[in-house]
Amino acid sequence: ILRMMFPPEHVSLHFPICRPTAETMLETDVVPIDMEENINIGKTQRWFWYAQKHRPKSVTAVFKMDTDVMFCLSDLLKTISTHKSPYEYFGTFMNHISCWKHNHCPPIKCQNNNKFEGECWYYMSGGLYGISTQLLDKLQNVASFAEPQSQVQHEDISVGHWLNQSEVRANIAERPFSFYHSKDLVRISPP
């Protein structure tokens, strides 16, 4: 369905799949990931690493999206085309409170600041978020991003850590496009 929804002149879809079958590899948009299918053990890191190394030069942003997310393509394309900084981080902003105050969340002292400064860092909700390609290029100098490896922490949070360790400051483009995760739609659907 996703392949039919997005015009190829505006969106290049790729599907990172862990250890795909020979039949799956016949699809031209499959990115093989050499690891077991997982959550929070490195698939997102490997996707961004792969995209940074193999993307066409015309690509301006790389996104990670769950398969059960719906979004408005025209809003997303407008956001990408009008972003303010070459180092843009797109998505739904997560701070200490929105992360449910867990120990792995961004620091509480940074609650009212949406900038990557000092110890303050943030991340985007995992349903749909993206990184401008110029910012993604800067991540190659961050040791924990540079070589894909197994991870033990939440992958979406890891992206926030990578950006905080980067030599440039990411500009947060907080949910400037419409999207809904399937769990959001369940809450607003009539019984």
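**Cysteines and their bridges**

The torsion about the S-S bond of Cys99 and Cys105 is about -80°, so this disulfide (a pair of cysteine sulfur atoms within 2.5 Å) is left-handed. Keep in mind that this is a predicted model, where local features need pLDDT of at least 70, side-chain atom pairs count only at pLDDT 80 or more, and totals for chains, interfaces and linings use all residues. Residues are numbered from 1 along each chain as its sequence is written, and side-chain values use heavy atoms, with hydrogens and water left out. If the word is new to you: a disulfide is a covalent bond between the sulfur atoms of two cysteines.

**The bridges**

- Search the whole structure and you find two disulfides.
- Cys99 is joined to Cys105, with an S to S distance of 2.1 Å.
- Cys110 pairs up with Cys120, and here S to S is 2.0 Å.
- Cys110 and Cys120 both sit in the loop between strand E6 (93-94) and strand E7 (123-124), 10 residues apart; strands (E, at least two residues) are DSSP runs, numbered from the N terminus.
- The Cys110 and Cys120 bridge is left-handed because its S-S torsion is about -85°.
- Count the bonded cysteines in sequence order and the pairing reads 1-2, 3-4.

**Tucked in or showing?**

- Cys99 and Cys105 are both buried (under 20% relative accessible area; exposed is over 50%, partly exposed in between, with a 1.4 Å probe and protein chains only).
- Cys110 has 1% relative accessibility, so it counts as buried.
- Cys120, at 11%, counts as buried too.
- Cys18 comes in at 9% relative accessibility, so it is buried.
- Cys72 has 29% relative accessibility and therefore counts as partly exposed.

Methods:
Helix = DSSP H or I, 4+ residues; strand = E, 2+ residues; numbered from the N terminus.
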